[in-house]
Amino acid sequence: MTDKRVLLDEIDFYLVTDSGLSKKGTLSDVEKAVAAGCRIIQYREKSISTKDMILEAEQIKALCGSESIFLVNDRVDVALAVDADGVHIGQDDMPMDAARDLLGPDKIIGLTVHNVEEALEAERMGADYVGLSPIFNTSTKKDAGDGIGPESIRPVKDAIKIPIVAIGGINKKNSESVIIGGADSLVAISAIVCSDDVEKETREFIDLIQRTRSQI
Ligand code: 3NM
């Protein structure tokens, strides 16, 4: 187990990068989010060459340092090339067992799921966490489908032991319902990277999550 895997249980807020939406650029977003206390970053990049991805991933890894988990979306090859802490994969990406064979037992693997059945299967296959999605409608991922609603989190929470990361359409206004719904951690993309002040926005998100959690 990497030292960083223990951090998974303590994470409130999880940033996924999006260079297409970002106002200040991915590296700036990561730097500001880490400075604000974000302890997990997922590098999600679909629009540049593999070579440029690896160069950028190396810089993101350096920004995450020993404090924050650094995952690569989908691209197991890029994660291996830069020795990232792990990957996040979707239902149509490389199968869990193939990713685990390539990455070995020490790396973190998160898997996107949409319901209890997929979550149980993810846990059985050895996922370290699940990304439950999409909680709300989102225009950030065009093929995400309709939001399943925060009330869909509890049945998944009751079914599995690994952490649940909620994703899709989450912002400061609706985050309370997602925490109360049972999510261990919240992802926001547009709510963070479209902001003028990523550090302030991330800090406010984390404060809000911690405050809500302390009241339930
Ligand atoms: N995956 P925002 S939704 C990357 O449903 C991603 O699997 C999703 O962005 C899924 O916070 C999504 O801007 C985008 O809604 C989430």
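**Close-up views of a predicted model**

View 1. An oxygen atom of the ligand sits 2.9 Å from a polar backbone atom of isoleucine 189. The protein covers 95% of the 430 Å² of accessible area that the ligand has on its own. Keep in mind, as you look around, that this is a predicted model. Threonine 138 takes part through its side chain instead, where an N or O atom is 2.6 Å from a ligand oxygen. Around the ligand there are 14 residues, and those that come nearest are Ser133, Thr138, Thr140, Gly169 and Ser190.

**View 2. Two aspartates listed together in UniProt.** An unreviewed UniProt entry lists Asp74 and Asp93 under "binding site". The two are spread over 20 residues of sequence, yet they cluster in space, with a largest C-alpha distance of 6.3 Å. Both Asp74 and Asp93 belong to the lining of the largest pocket.

**View 3. Aspartate 74 and its surroundings.** You will find aspartate 74 in the loop that runs between strand S3 (69-73) and helix H3 (76-82). Which residues does aspartate 74 contact, leaving aside its neighbours within four places in sequence? They are Lys46, His88, Ile89 and Asp93.

**View 4. Aspartate 93 and the backbone of glycine 90.** Aspartate 93 is placed in the loop between strand S4 (86-89) and helix H4 (96-103). A polar atom of the aspartate 93 side chain lies 2.7 Å from the backbone nitrogen of glycine 90. Aspartate 93 counts as partly exposed, at 25% relative accessibility.

View 5. Is aspartate 83 buried or partly exposed? At 44% relative accessibility, aspartate 83 counts as partly exposed. Setting aside neighbours within four places in sequence, aspartate 83 is in contact with Lys61 and Lys107. With lysine 107, the aspartate 83 side chain makes a polar contact, side chain to side chain, at 2.6 Å. Lysine 61 is 22 residues away along the chain, and its C-alpha atom is separated from that of aspartate 83 by 8.7 Å.

Technical notes: Residues are numbered from 1 along each chain as its sequence is written. This is a predicted model: local features need pLDDT of at least 70, side-chain atom pairs count only at pLDDT 80 or more; totals for chains, interfaces and linings use all residues. Side-chain values use heavy atoms; hydrogens and water are left out. UniProt positions are given in the numbering used here, feature names are shortened, and annotations may be inferred rather than shown by experiment. On a 1 Å grid over the protein atoms alone, a cavity is a set of points where a 1.4 Å probe fits but cannot get out, and a pocket is an open set with protein on both sides within 12 Å along at least five of seven lines; lining residues have an atom within 4 Å of a point. Helices (H or I, at least four residues) and strands (E, at least two) are DSSP runs, numbered from the N terminus. Contact means heavy atoms within 4.5 Å. Buried means under 20% relative accessible area, exposed over 50%, partly exposed in between (1.4 Å probe, protein chains only). A polar contact is a pair of N or O atoms within 3.5 Å; within protein, one must be able to donate a hydrogen and the other to accept it, and residues adjacent in sequence count only if both atoms are side-chain atoms. A residue is near a molecule or strand if one of its heavy atoms lies within 4 Å of it. Accessible areas come from the Shrake-Rupley method with a 1.4 Å probe; for residues, only the protein chains shown count as cover.
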